[in-house]
Amino acid sequence: MEVMHENKYAVVSYSRDPRFLTLRSLQTFQGRSRTGLYIIEGIRHLARAVENDAPIESVFLDSSVLSNPFGQKLARRLRKRGVPGIRLSHQLYRDLTLAAEPQGIGAVLRQNWMPLSNLEVEPKSLSLAVESIESPGNLGTIIRTAEAAGVTAILILSPDCDPYDPATVRATMGSLFSQKLVRCSPREFTDWAKTRGVAIVGSSPTGLMDYKALHYRFPAILVIGSEKRGLSDQLLEAADFVVRITMHGGCDSINAAVAAGVLLFEMASQRR
């Protein structure tokens with residue numbers, strides 16, 4: 001086996017070491033907001049980040065479990081590129097990761113937000129707006145589903161909705177890095193959509209039309225509300241169309257991520 005060049009990284013084994021405390025702070029919303037950074041962990045996520053030229057600030061390793069040859073090659077590649085890093089003790093790495101079986105490699109990245117004014121609108125584009133999703137896992141699943149459906153941009157309409165939460169990042173399975181992310185207010189969003197001729201499609205159990213019966217026009221953007229409250233009155237009023245997903249039995253609602261997937265794939269199929 002090739003000699004690991006990343007063993008030149010400094011070893012951190014003390015839980016009060018400032019370098020470890022910085023990593024721990026990025027597990028909090030306050031730490032991510034203050035620094036504009038976030039963390040990822042695992043070979044798949046790091047490989048997707050490299051593939052999409054995501055802004056990697058540094059890496060952190062646990063050499064005792066980094067046994068995957070591709071993961072080792074990835075670590076050497078970043079080391080040769082000049083990306084700084086540290087080696088964490090096994091216990092500190094375990095304290096940091098959410099993975100049941102850690103792969104021994106992670107990274108700190110800079111958040112990548114696009115200004116709303118820079119977001120281009122193609123004639124047949126399909127985008128997604130998220131008003132407020134409380135579950136990080138749901139948000140990550142929605143982002144992953146959006147990539148699969150061909151969504152070109154995701155607009156986050158609430159300051160509390162964080163796509164860079166570690167649990168959200170993990171649930172995206174790397175789809176986060178291929179998306180254009182925009183944070184804006186609901187008013188900024190509706191003004192942007194109206195001035196650019198983007199059809200706003202809302203979803204509600206009280207929608208007037210079944211989602212399959214509507215002939216969608218493009219460019220279009222689907223708006224998903226919160227798990228508990230659905231879309232706000234402001235966005236329901238701003239929507240050009242409000243559709244419903246017809247349900248059977250005693251069920252009157254479905255998971256927000258499932259609803260987003262159903263609607264996005266129907267819209268994507270009509271676009272094709």
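Arg48 is buried, with a relative accessible area of 16%; buried here stands for under 20% relative accessible area, exposed for over 50%, and partly exposed for anything in between, using a 1.4 Å probe and protein chains only. The model is a predicted one, so local features need pLDDT of at least 70 and side-chain atom pairs count only at pLDDT 80 or more, while totals for chains, interfaces and linings use all residues. Residues are numbered from 1 along each chain as its sequence is written, and side-chain values use heavy atoms, with hydrogens and water left out.

Back to Arg48: this residue sits in helix H3 (residues 43-51). Helices (H or I, at least four residues) and strands (E, at least two) are DSSP runs, numbered from the N terminus. Leaving out residues up to four places away in sequence, Arg48 touches Glu147, Met173, Gly174, Ser175, Phe177 and Ser178, a contact being heavy atoms within 4.5 Å. Glu147 turns up again as a contact of Gln179, along with Ile143, Ala146, Val151, Thr152, Ala153 and Ile154, once neighbours within four places in sequence are set aside. Gln179 is found in the loop between helix H7 (166-172) and S8, and is buried as well, with a relative accessible area of 8%.

Now for the protein as a whole. It has 10 helices and 12 strands. The radius of gyration is 21 Å, close to the 19 Å that the globule rule gives for 272 residues, so the protein is as compact as a globular protein of that length; the radius is taken over C-alpha atoms, and the rule is 2.2 Å times the number of residues to the power 0.38. The C-alpha trace spans about 60 × 40 × 35 Å along its principal axes. Buried residues make up 50% of the 272. Of the contacts with a separation of 6 or more, 82% are between residues 24 or more positions apart. The accessible surface comes to about 13,100 Å², and 51% of that belongs to carbon and sulfur atoms; areas come from the Shrake-Rupley method with a 1.4 Å probe, and for residues only the protein chains shown count as cover.

Strand S9 (residues 199-203) is linked to strand S12 (residues 241-244) by 3 bridges, running parallel, and Ser203 has Val243 in S12 as its bridge partner.

The buried residues of H8 are Pro186, Phe189, Thr190, Trp192 and Ala193. Seen down the helix axis, these fall within an arc of 160°, so they line one face of H8; the arc is that of the directions from the axis to the C-beta atoms. They pack against S6, S7, S9, S11 and helix H9 (233-238). On the other side of H8, Arg187 and Thr195 are exposed. Just after the helix, Gly197 takes a positive phi of about 70°.

The other sheet to mention is open too, with 5 strands in the order S1-S4-S3-S5-S2 and mixed pairing. Strand S1 (10-12) and strand S2 (37-41) stand at its edges with a single partner strand each, so one side of each lacks a neighbour in the sheet.

Terms used:
Pairing = 2+ DSSP bridges.
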